[in-house]
Amino acid sequence: MGEHLAGSALPANSAATARGPGLTLREQLLADPIRPPEPLLTESPSFEGDEDLPFEPYLSARHAEQEISHVWGKVWQWACHLDHLPEPGDYCVYDVGPYSALVVRAGHGEIKAYVNSCMHRGTQLRPAGSCGFAQQLTCPFHGWTWSLEGELIDVPSRWDFPHVSAESHRLAEIPVGVWGGFVFVSFDPDVMPLEQYLGVLPRHFAEICGEWDLDQRYIETHVRKRLPCNWKAAAEAFIEAYHVRETHATGRPGDEVTAQYDVFEPNVSRFIHTIGMDGPERPVPRTEQQMLDHLTRNIRHGMEPLELPAGLRARDFYAQLTKDTMGAQYGHDFSGLSQSVTLDSIEYFLFPNAFFFPGLSLPMVYRFLPDPDDVDVCSFELLMMRPRPANGDAPPPPQVVELEVDDSYTLASGLGGLGRVYDQDTANLAAQTRGFKASAKAGQTLGNYQESRVRHLQRRVRECIAAGESAAKP
Ligand code: FES
Ligand SMILES: [Fe+2]
């Protein structure tokens, strides 16, 4: 191995610019018959340095406390979906660390978010993680009651509280905003506007998705699983495609996928990797028929293989098949969609913990949250977002499928064949966490390009902590 590395030593200036062999992803996309939307042809690589990244931020309780104050207490983060709050009076509770937000649809349809803590003696007004309906917000302890607009409207034994007024004891409001059908909150009253925080995300999604942008999709499947690792390690397991060859395929050369990695400052990063193209390192490329057999192995299980019409690429044929099938299933005309938007794994990350996929057949949203008591545990939510029917009547959000650390994702039927793939990812996480602790070196060594998004996430955490600590200095 050492010899191989020495033999392929790269020129000194290549740290930032070295790329794998073969066509770039952009070149692959430009070879597709239907040109993909412009944002997919944009490249924005980021060389984030090549020093080892310390393990300490994954393991230390002190670091987790700093994250609570300076990351989770400061950023925008999605709390729930608008479909959880269709009518005035609908509410959802969102918790992270010690923070708790009560997100409510108020009387005129506007979305409000309150600190979920009673202005009398602090009791949580609604239980952690709950969603429900209330005409007024009454505290379960002594019955103080607020309107949906946060105004204090009833205090039992009013005579005993001459020092309390509707004004002085309004529910504390926190910043709230909506993008793509998701309701975002921040626990920082001085947070920047959501639109600014989201950066390129709304424009890219609008251009990539067109008429079925994220707000035109509904939640078909919602899974929440406990994972045996720090929340950052969990998010980082989904942030690169470098692991595909070993974790998801045979581990042999040729199982690599061509991927592009981008950072859009300050809060967004992205990868795109193609589906239905051979990796450049495959010694003997598959025939197009073999590629089609591979692409359809799940949907054609136990059936006769599909025959590829002469002269067609498997990727193009399979994209058309996908558009036809999903068009019939969801009642839309997807015929104009490019091969890339139809098939590829296009994954946008929004710091600190959310992933949004604009693609048609890989339409996921992820959220990672720290466990409030254990730095070695986190929760991973996985949503499948489908195009709303043309008449706009989407089904209500499904019940969340709750999975424990040892439960297989295949228990969540809505994930189909992807369940097995996610199981392969989980298997690495406990081993990585144990290895962090056993390591003879102080940190992890990362690829300059393929793992640049790991560095971006960690850099943003460090920047938030540094900003918070310096603001706290007298
Ligand atoms: S703590 Fe809420 S009414 Fe007393
Ligand atoms: Fe994976």
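This is a predicted model: local features need pLDDT of at least 70, side-chain atom pairs count only at pLDDT 80 or more; totals for chains, interfaces and linings use all residues.
Setting aside neighbours within four places in sequence, I found A234 in contact with L227, C229, F368, C378, F380 and L429.

Next I looked up the core around A234. The largest nonpolar core has 98 residues. A234 is among those with the most contacts inside it, along with A79, V103 and V185. The core takes at least three residues from domain 1 (16-58 + 218-472) and at least three from domain 2 (76-186).

I noted a second, separate core of eight residues. L292, L295, Y318 and A319 are included in this second core.

I turned to helix α10, residues 288-295. Its buried residues are M291, L292 and L295. They span an arc of only 100° around the axis, so they sit on the same side of α10. Residues three or four places apart in an α-helix point the same way because there are 3.6 residues a turn. I looked for the packing partner. The buried residues of α10 pack against α11 (314-330).

Last, I traced the sheet. It is open, has eight strands and mixed pairing, and runs β13-β14-β15-β16-β17-β18-β12-β19. β13 (259-264) and β19 (401-403) are the edges; each has a single partner strand, so one side of each lacks a neighbour in the sheet. Neighbouring strands are turned by 15° against each other on average, direction ignored.

I checked one pair within the sheet. β15 (345-350) and β16 (354-356) run antiparallel and are joined by three bridges. Y348 stands opposite F356 in β16.

Notes:
Residues are numbered from 1 along each chain as its sequence is written. Chains are lettered from A and ligands numbered from 1 in the order in which they are written. A residue is buried if 20 or more other C-beta atoms lie within 10 Å of its own, exposed if 12 or fewer, and partly exposed in between; C-beta atoms are placed from the backbone. Helices (H or I, at least four residues) and strands (E, at least two) are DSSP runs, numbered from the N terminus. The arc is that of the directions from the helix axis to the C-beta atoms. Two residues are in contact if their C-beta atoms, placed from the backbone, lie within 7 Å. A nonpolar core is a set of buried Ala, Val, Leu, Ile, Met, Phe, Trp, Tyr and Cys residues joined through C-beta atoms within 7 Å. Domain bounds come from an automatic or database domain assignment. Two strands pair if DSSP finds at least two bridges between them. Axes are lines fitted to C-alpha atoms, for helices over the stretch in contact, and angles run from 0 to 180 degrees between N-to-C directions.
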